[in-house]
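Work through the exercises below with the sequence and the structure in view. Try each task before reading its solution.

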Amino acid sequence: MANNKFSSGLMLSLRQLRRSPLMIVVHLSVLFLVILWTFPTAGLLISSFRDKDQLAVSGWWQSLSSSEQNIIGRTSAPDQQVLLDGKYVLSGTIEGFALQDTILRFGWTSKQPEAYQVNTIASMKNAGTLTVSSDGQYTMTSLVPFTGSRGKRVFYTQLTSPKFTLDNYVEVLNSEGIGQSFINSLTVTIPATIIPILIAAFAAYALSWMRLPGRGLLIALVVGLLVVPLQMSLIPLLQLYNTIGSYFGVSAKTYFGIWLAHTGFGLPLAIYLLRNYIAGLPKEIIESARVDGANDFEIFVKIILPLSFPALASFAIFQFLWVWNDLLVATVFLGNGEHELVLTGRLRELLGSRGGNWEILTASAFVSIAVPLTVFFTLQRYLVRGLLSGSVK
Amino acid sequence: MVSSTGLTLKNIKKSYGKTDVLHGIDLEIALGEFIVFVGPSGCGKSTLLRMIAGLEEITSGDLFIEGAHVNDLPAAMRGIAMVFQSYALYPHMTVYDNMAFAMRIAKEDKATIDQRVNSAAEMLQLTDYLYRLPKALSGGQRQRVAIGRAIVRNPKVFLFDEPLSNLDASLRVQTRIEIANLKETMKQTTMIYVTHDQVEAMTLADRIVVLSAGNIEQVGTPLELYSKPANLFVAQFIGSPAMNIFTVKVLQTGKVTRIKTQNKNVFDIPISSAAQIKEQTITIGVRPEDFCLADKESCMLSGEIVFIESLGEVTLLHLNSSESTDPLVVKLPGIINKQKGEMICLKTELDKTHLFDEQGISLLYQV
Amino acid sequence: MEQLFYSLLVMLLGVLSCVFYFVGSNWLLLLIYPVKHVSNVKMAQNIRRAAAIRPWLFLGPALFFLILYLVYPVFDSVYLSLHGRNGEEFVGLANYEWLFQDNEFLESLTNNILWLLIVPALSTFFGLIIAALTDRIRWGDFAKSLIFMPMAISFIGASIIWKFVYDYRAEGSDQIGLLNALVEYFGGTPQAWITLPFWNDIFLMVILIWIQTGFAMVILSAALRGIPEETVEAAVLDGANGFQIFFKILIPQIWTSIAVVWTTITILVLKVFDIVLAMTNGQWDTQVLANMMFDWMFRGGGDFGRGAAIAVIIMIAVIPVMIWNVRQANAQMEGR
Ligand SMILES: Nc1ncnc2c1ncn2[C@@H]1O[C@H](COP(=O)(O)OP(=O)(O)O)[C@@H](O)[C@H]1O
Ligand SMILES: [Mg+2]
């Protein structure tokens, strides 16, 4: 009885906690944090679809609202003029005007480019007139014939409607080499993800379930190597690769070399992660297989591997993200050629050569993060699981 | 030679590093016998079973299965099959594949596998579930699959390690009956069954081996253990509630032992005793069910009721008595109309009592 | 495409050769130590021998890679750091002496210390706050997923994202960088943020914090969920308020997880170079050790001695965490 009262009192206070005005604060703070964390990426994504002229002059948060723009257009050429009621008339749509935009004001000198509202009549010198309507129609009259070979200048201020386009993507995929780099990145990533898995799985099994002297020491070694900075390996391995390359008369920077490098660098985490998982499998299942006559190899292939799928998936995602996103290893162990430069390397180059061209940078960056983001959102479950078992506790 | 012994254990010892877990086990098990290892948790039952199975190295001693020395033989080649407490089914394989696994490893041909799996499935009523994964089965079904997996291998020795302890009470009874039936159908197969539950031990075993702290306390049929426990440990381990014990003084030895209780009551117990225990303080044991209510005249023992457990078919009375420092328990048939705090009188038939010397060894087993 | 096909082919070959290695070595082992058609004694002996060798066959490739790619380089880097630019003539501690009077190195060292102080602390802090807050609301998992997302983005991609946020246009024209637009909106003067010494360091750190908070959040959220509900309920009954529960009941129970997050991010900070390379390449006083090391590998044809010396300095900074990790892992295994 007493217990019951106890817990109902508790329920009450927990419920109160839930309903309290504090909850609104919680919702709002989380919302604020989410916005803080997603806006930078959202900005990149939105910008990558914007027209490059608009992108350069207004912030992406304004991309949906129309912006005012001062433009110089021209009438049609003087040879189009007609004589009407004794006046020479030029009319039509202002050259260069896009139909979805709206003209607000216009003018006929560069000194006063927006002196007149649309549909009003501006008087020019020599008793000429100019009227422009918001849809770009103009009528220009003059008592003397228009001369020259080009149309007359018309200054106007238009309300530009937002323009979204895939042009940026088309451009980076074709002419900026992002398409090729995408393939290069895949070429590096796929084997560099698969190869370490098998090697690590066998090792993890040996370190979990096989009798061998110094097992504890080996596990400690793996844990220690988890944190060895890559920087330690770069120079010695670069030298080694150069030596081997010159010995065989081949380039030191090959796909083969970088696959092996990523395998080596990924192994400590792979072994650690898989060992944590495999060592946690029920002992009795493995013993049962042993009683059933399976040797270690059969146990590994027929029991351990199928049962370890979640851990294998976790590691595969880690390694995939790490290799795909890597710049350092790729820069050191792979060349700069068209058929070798990976996405991250290409982005770095673009940052140097096209640093101000945000339409190029945003689209390129988005191409490079699209794949990991897809992997992330579809396989997040395994990633979280991997993180939880992969960090040394 | 055709041996009629199923298993022979000669001075088998096990130690993990410096800690000795088993101190030298000697045991002969006949072919086709159903042996139960019973003992409190941590006494080394599983370890002994796993050594027989080949899952644990034998530190010293010799193990023979049907006459062959098997110490160094790996598990798979000893002709044993084992059913684990947690079932240990392969979670990613169907029931069929679980049962076929061992035969596939041994590269048996398909027809043999099929035939054996099907007949085992039929025997265990698993035919309808053959293509399910273990996670789609109930606990009882899983345990039957584990048993089936062992049956199909046609083992010489069938090992069970607490196979029922993960099941709920009703399933436990049912599966126990199935195992008893299994014993009938597989007459040539020696079975060793580990449990800490004495009911399982008593109902299933041909012979029970009582273990405690790495030693064998007694080996015998269930009834032997019940009626003639070799020592205090067995006496108190077998039977529920446990046997009541009292310390008494020996007044006279011989064909009949005369004892004096703490309340200075004197009884002649029809158990013979050697002269040297005269004047010693020994222990007398009386099972709760061997007491019955008595009137004033025939009263051997009186006590105050401190707690009553009415179970319907029996009633357990917990008493405080001046004869013993520990409360004693009495098991009486039917429903008893008594109140807490009441004083009652008890008696017992003296030939149903047990005497244990200072070392706790039963006088029955002394030469 | 052809190249991709080629890589898939190689991948297949790689996997097959792995399989071939393991299957083949196992087959060979059984050939040398047969278990069938031999006497019982012989069989027992053979099984024992095979069982003693097999673990090493399983471990072989992994050990080969670990030693060649990680263990050997550690020693070789130390060796190289004591030698000249080509690793040939022995120069003793000259590289280190040079380092400690080099202004760029001292600047990197200060910056690295700043990074080490700020990034792990803030990432853990935000991760903890977000974990605690999102656990309470219904759309918490969705929020977490969004905050976790930057984990999937490369440092270089993140750099572009943030360079765009920090973009600066001369005063008068519209700002297209979010930060300057906000500054202007609130009446401030737009700045070229990444060229402002000291503050630019902070702006680079923001990128890493943005990426790592998700990691901290995931670990700490799991830790918070692992706390027995009863302890919180007991505290509620004892009349503790939300803050007291958080700081006196929850935090003490997840200390180890906080330590794990902290050390993991610390290690990462020491290794980070992509962000600095992409944002400033060490200009405007933002140099860090990892980027400087990379620089020296290639600068003027590369000075391996100096590069290796910087790497060794990074390694030394990592060693305490390494020891702590190994201890933790050992303790954990003994607990099993
Ligand atoms: N691998 C091991 N290392 C050390 N001690 C062990 C090991 N396995 C079991 N023991 C110890 O051996 C004793 C017997 O265990 P076990 O045979 O499992 O008991 P049970 O009778 O409950 O089955 C226990 O005290 C246990 O702690
Ligand atoms: Mg046990």
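Two residues are in contact here when heavy atoms of theirs lie within 4.5 Å. The model is predicted.

**Exercise 1. The interface of chain C and chain A**

Task: Find how many residues chain C and chain A bring to their contact, and describe the side of chain C.

Solution. 

Step 1. Count the residues on each side. Chain A brings 115 residues to the contact and chain C brings 108.

Step 2. Turn to area. The size of an interface is often given as the accessible area lost when the parts come together. Between chain C and chain A about 10300 Å² is buried, and carbon and sulfur atoms give 80% of it. On the side of chain C, the three residues that supply more than any other three are C:Phe58, C:Tyr69 and C:Phe164, with 7% of the area that chain C buries against chain A.

Step 3. Look for pairs. Zero salt bridges are counted between chain C and chain A, while 10 residue pairs are in polar contact, both residues being at pLDDT 80 or more.

Step 4. Place the residues of chain C. Helix α2 of chain C, residues 40-81, gives the most to the side that touches chain A, namely 20 residues. By class, this side of chain C has 80 nonpolar, 17 polar and 11 charged residues.

**Exercise 2. The interface of chain B and chain A**

Task: State how many salt bridges cross the interface of chain B and chain A, and locate the one formed by A:Arg211 and B:Glu57.

Solution. 

Step 1. On chain A 17 residues take part, and on chain B 22 residues. About 1700 Å² is buried between the two chains, with 60% from carbon and sulfur atoms. B:Tyr90, B:His92 and B:Ile105 supply 29% of the area that chain B buries against chain A, more than any other three residues.

Step 2. Count the pairs. Three salt bridges are found across the interface of chain B and chain A, along with nine residue pairs in polar contact, both residues at pLDDT 80 or more.

Step 3. Describe the side of chain B. Strand β6 (80-83) and helix α2 (95-105) of chain B each supply at least two residues of the side that touches chain A. The residues of that side divide into 15 nonpolar, three polar and four charged.

Step 4. Take the named pair. A salt bridge requires the nitrogen and the carboxyl oxygen to be within 4 Å; the side chains of A:Arg211 and B:Glu57 meet at 2.9 Å, N to O. Over all chains the count comes to 18 salt bridges. A:Arg211 is in the loop between α5 (178-209) and α6 (215-225) of chain A, and B:Glu57 is in the loop between α1 and β4 (60-65) of chain B, so this pair joins two chains.

**Exercise 3. The shell around ligand 1**

Solution. 

Step 1. Check distances to oxygen atoms of ligand 1. A polar side-chain atom of B:Thr47 is at 2.5 Å, a polar backbone atom of B:Gly42 at 2.6 Å, and a backbone N or O atom of B:Lys45 at 2.9 Å.

Step 2. Judge the cover. Ligand 1 exposes 560 Å² when taken alone, and the protein buries 55% of that.

Note on methods:
Residues numbered from 1 in each chain as written. Chains lettered and ligands numbered in written order. Predicted model: local features only at pLDDT ≥ 70, side-chain atom pairs only at ≥ 80, totals over all residues. Heavy atoms only, no water. Polar contact = N/O pair within 3.5 Å; in protein donor to acceptor, adjacent residues only side chain to side chain. Areas by Shrake-Rupley, 256 points an atom, 1.4 Å probe, with all protein chains shown as cover. Buried area = accessible area lost by both parts, 1.4 Å probe. Helix = DSSP H or I, 4+ residues; strand = E, 2+ residues; numbered from the N terminus. Nonpolar A, V, L, I, M, F, W, Y, C, P; charged D, E, K, R; others polar.
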